[in-house]
Amino acid sequence: MDFGFSWGGSMGSIVGEKITYLIKYAAKSLPLIIMCASGGARMQEGSFSLMQMAKISSALYYYQSNKDSLYVSILTSPTTGGVTASFGMLGDIIIAEPNSHIAFAGKRVIEGTLNLLVSKNSQKAEFLFKKGLFDLIIPRYHLKNFISELLKLHVFFIS
C-alpha cells in the first residue's frame with residue numbers, strides 16, 4: 001500500500017483481493033503480519049471498494065478461528081479509513097509506530113460532521129495507545145527483533 005502508487009495507498013478491489021489471498025494462504029498454519037499504510041478505501045470505486053472491508057474481515061475471521069493462528073497488525077503513518085475500520089484493527093496483536101497518524105475519518109471530516117473541534121494529537125499513536133486502541137508502540141528499527149521474538153514465543157505455545 002505504497003503512497004507512491006495508486007491514489008495514496010488507498011484500498012481498492014485489487015488490494016482487497018490480494019490481501020484476502022494472503023490471508024487464505026496464511027491459513028495453512030502460517031503466522032500473518034500485515035503492515036498497514038493507507039489513505040482508506042478508494043472512493044473512486046464506490047461500493048466495490050467498501051466491500052473489500054467485509055471480504056477481508058471475513059477472511060480474517062476464518063483465519064483466526066484456528067486456535068494456532070497469529071495475526072499481527074502493524075499500523076504505520078498514515079493508517080486511515082476502511083483499512084483502520086477493517087483489517088488494521090483486527091489483529092491478535094496490534095502495533096503502531098511512534099507518532100503515526102491513525103484514524104477512521106480525517107480531522108476536517110469529523111469537525112464538519114459533528115461540529116466539534118478535534119484536538120491536534122487525538123489521531124496520533126501515543127494518544128490512541130493511552131485510550132487502549134492497540135497493544136504496543138514500537139519504532140520500526142526495533143520491529144524485526146520484536147517480531148522475531150514474538151514468533152518464537154508463539155511457536156513455543158502452540159507446540
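Visitor: Where is the place of S29?
Guide: S29 sits in the loop between α2 and β1. Helices here are DSSP runs of H or I with at least four residues, and strands are runs of E with at least two, numbered from the N terminus. This is a predicted model, in which local features need pLDDT of at least 70 and side-chain atom pairs count only at pLDDT 80 or more, while totals for chains, interfaces and linings use all residues. Residues are numbered from 1 along each chain as its sequence is written, and side-chain values use heavy atoms, with hydrogens and water left out.

Visitor: Thanks. Is S29 buried or exposed?
Guide: S29 is exposed, with a relative accessible area of 62%. Buried means under 20% relative accessible area, exposed over 50%, and partly exposed in between, using a 1.4 Å probe and protein chains only.

Visitor: What is phi for S29?
Guide: Phi of S29 is positive, about 75°, although S29 is not a glycine. Most residues other than glycine have a negative phi, and most peptide bonds are trans. N99 also has a positive phi, near 60°, and lies in the loop between β3 and α5 (107-114).

Visitor: And which peptide bond is cis?
Guide: The one from S77 to P78, with omega near -10°. P78 is in strand β2.

Visitor: Let's do the sheet, then. What order do the strands have?
Guide: The order is β1-β2-β3-β4 in an open sheet of four strands, with parallel pairing. β1 and β4 (136-137) are at the edges with a single partner strand each, so one side of each has no neighbour in the sheet. Two strands count as paired if DSSP finds at least two bridges between them.

Visitor: How many bridges are there between β1 and β2?
Guide: Six, with β1 and β2 (residues 71-79) running in the parallel sense. L32 has Y71 of β2 as its bridge partner. Four bridges join β2 to β3, also in parallel, and S73 stands opposite I94 in β3.

Visitor: How many residues of β1 are buried?
Guide: Five of the seven residues of β1 (residues 32-38) are buried, so this strand is largely enclosed by the rest of the structure.

Visitor: Switching to helices: how long is α7?
Guide: Helix α7 (residues 140-158) has 19 residues and reaches 27 Å from its first C-alpha to its last, close to the expected 27 Å. That expected span is 1.5 Å times one less than the number of residues.

Visitor: Which residues of α7 are buried, and what covers them?
Guide: L143, I147, L150 and H154 are the buried ones. Their cover includes β1, β2 and β3 (93-96), where contact means heavy atoms within 4.5 Å.

Visitor: What does T20 touch?
Guide: T20 touches K55, I56 and A59, leaving aside residues up to four places away in sequence. T20 is in helix α2 (residues 13-26) and is buried, with a relative accessible area of 5%.

Visitor: Last one: how many helices and strands does the chain have?
Guide: Seven helices and four strands. The radius of gyration is 16 Å, close to the 15 Å that the globule rule gives for 159 residues, so the chain is as compact as a globular protein of that length. That radius is taken over C-alpha atoms, and the rule is 2.2 Å times the number of residues to the power 0.38.
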